[in-house]
Amino acid sequence: MAIEIERKFLVNSTGYRQMAASKSQIRQGYICRESGRTVRIRIRDGRGFLTIKGPSPNGMARFEFEKEISLSDAEQLFELCQPGVIDKTRYLVNMPDGHVFEVDEFYGENIGLVIAEVELSSEDEPFEIPPFIDREVTGDRRYYNSHLTANPFTTWS
């Protein structure tokens, strides 16, 4: 099982669009979205994925298991998901230092929200911050996709 260490940031401009090496469409729902534990179904560019995430014993790191499943199975599993769906476009921005920022533009009930994430191999790993980054929101559960399905961005005061 893999360990995921990521940091999240709000985005202050659309400069990532010009910097992006690629983009993809993502739709995802959650079968389980308990605090710290999620079971996610994702359809990304016509491919299905099942992902299970859970807490690890230290800091920002989380256990992550992901398996590609058939598109048909993913579509059927969406029927088991709790209410709320994430619909977003993901842009991949390759940085000169080798890191990749995943920038998500949300739609539907989360329209207007843009979040960038970078995955790291350790919590203290240095990385270059691109010019489109605003402020860090790592650890702020409001910005977790699982939270956004139940508490959409457009309903925040």
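Trainee: Which way do β3 and β7 pair?
Mentor: Antiparallel: strand β3 (residues 22-34) and strand β7 (residues 86-94) share seven bridges. Strands here are DSSP runs of E, at least two residues, numbered from the N terminus. Two strands pair if DSSP finds at least two bridges between them.

Trainee: Which residue does Ser24 stand opposite?
Mentor: Arg90 in β7.

Trainee: And what about β7 and β8, how many bridges?
Mentor: Seven, again antiparallel, with β8 covering residues 100-106. Lys88 has Phe106 in β8 as its bridge partner. The β7-β8 hairpin has five residues between the strands, and Gly98 there takes a positive phi near 95 degrees.

Trainee: Is this predicted or experimental?
Mentor: It's a predicted model: local features need pLDDT of at least 70, side-chain atom pairs count only at pLDDT 80 or more, and totals for chains, interfaces and linings use all residues. Residues are numbered from 1 along each chain as its sequence is written, and side-chain values use heavy atoms, leaving out hydrogens and water.

Trainee: Zooming out, what's the element order?
Mentor: From the N terminus, β-β-α-β-β-β-β-α-β-β-β-β-α. That comes to three helices and ten strands; helices are DSSP runs of H or I, at least four residues. The radius of gyration is 15 Å, close to the 15 Å from the globule rule for 157 residues, so the protein is as compact as a globular protein of that length. That radius is taken over C-alpha atoms, and the rule is 2.2 Å times the number of residues to the power 0.38.

Trainee: How much of the protein is buried?
Mentor: Buried residues make up 43% of the 157, with buried meaning under 20% relative accessible area (1.4 Å probe, protein chains only).

How values were computed. Buried means under 20% relative accessible area, exposed over 50%, partly exposed in between (1.4 Å probe, protein chains only).
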